[in-house]
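Hi there,

Here is the structure I promised to pass on. My notes on its cavities follow below.

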Amino acid sequence: MLYPRNAWYVACSEDDLRDEIPYSARLLDEPIVIWRANGAIYALESRCVHRAASLSMGTCKGATLRCKYHGLLFNHLGKVIDIPGQDNIPSIASVRKYAVERRFGWVWLWMGEADSADRDLLPNLPADIAFENHVIGGGVLDYQVEARLVSDNLLDFGHLTYVHAESFQPGDLWLETPMRITPIERGVHAGRWVEGSSGPGWMELTVNVDEWIGYEYLVPGVLIMFGGHFPLGTARSSGYRRPDPALAIGQGAINIQAVSPTGPRSSRFYFLTGPHRRFGDEAMRDRMIHVNYQAFNEDKAVIEAQQKMLDHEPHRPVMPTIHDRGVIVYNHLVDNLVAEERDLAVRDRRLATA
Ligand code: FES
Ligand SMILES: [Fe+2]
């Protein structure tokens, strides 16, 4: 499992946290304890430096956490500040700390060195889309697969016609208009116009529209999507490029999704969805959440079976098609970032021993 460490990963939803109650998370196969106190959120490696008890079983008080086993007290930087019954505290008495940020109601951890966390790499919505103008809700699914397979799935919407025939019901026109894939910094942009669409079947539109779906897929596995219905002719008049969201006559919906690798064969998938307030309300949002759950469970069944096939014959190659361009460009980018981090780590080790 190779993923870049210098990136922000979703560790949980803010709703998962209770004040001063430790929450057990896992990212990149590392056990992590997260807690909230006095409005701040802290995250430490969950393996106690003493005898490896799980710090997620400990007790939080403000910015400190006490191990449940023999009571070592850690501050929010991961340093031991009290060893009951012992005066001296060894210099190695610490655990890893993680830089923490909140965005979209999720808690994000920087998996590289906390002191070098780059806040500019947190994902944003496009400047012309305001989160607060949407009625948003979401959900979570666990997949028993390597996270990369979930990313591959999200980078190729060609599967909608087959996997989501019952949930999204994309219709026959969908596959005839391939995604336009454009490499961007730390990801790819995928955009697709379906002209004269009757919309996804589940929406039961009464008029045909030009339908736009466009998203950025960003390292380490974050999808930021805008989709809307536009008057017929908009696709052509906009040069088949991304439309101005203000011109939408329906939906104006945003979807935000994040894939977090939790273990070698496990990943957690977070999603948010909802219409623009001009076009939908809480009932529409709940309908969208319902259809999303239905669709992502369809994905889950296919991808978990795919994982078993790959594990059965791990060295047998796969055969890309025209729809895989986004998958290939994105995975190449990830491989390069992982290689860069590895080269920098080798250089730092050499410098340290020189
Ligand atoms: S294992 Fe944590 S205090 Fe002993
Ligand atoms: Fe899907």
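The lining of the largest cavity is made up of 16 nonpolar, 12 polar and 2 charged residues (Ala, Val, Leu, Ile, Met, Phe, Trp, Tyr, Cys and Pro count as nonpolar, Asp, Glu, Lys and Arg as charged, and the others, Gly among them, as polar). Please keep in mind that this is a predicted model, where local features need pLDDT of at least 70, side-chain atom pairs count only at pLDDT 80 or more, and totals for chains, interfaces and linings use all residues. Residues are numbered from 1 along each chain as its sequence is written, and side-chain values use heavy atoms, without hydrogens or water.

Searching the whole structure gave 2 cavities of 30 Å³ or more. A cavity here is a set of points, on a 1 Å grid over the protein atoms alone, where a 1.4 Å probe fits but cannot get out, and lining residues have an atom within 4 Å of a point. Points are joined across faces, edges and corners, and a volume is the space filled by probe spheres set on them.

The largest cavity has a volume of about 460 Å³. Of its 30 lining residues, Leu 160, Phe 168, Ile 213, Met 225 and Asn 255 are the closest to its centre. α4 gives the most to this lining, with 5 residues (helices are DSSP runs of H or I, at least four residues, numbered from the N terminus).

The second largest cavity holds about 50 Å³. Its lining includes Tyr 3, Arg 148 and Tyr 330, and α5 supplies the largest share, 3 residues.

Best wishes

Key:
Chains lettered and ligands numbered in written order. 1 Å grid on protein atoms, 1.4 Å probe; cavity = no way out; pocket = protein on both sides within 12 Å on 5 of 7 lines; lining within 4 Å. Helix = DSSP H or I, 4+ residues; strand = E, 2+ residues; numbered from the N terminus.
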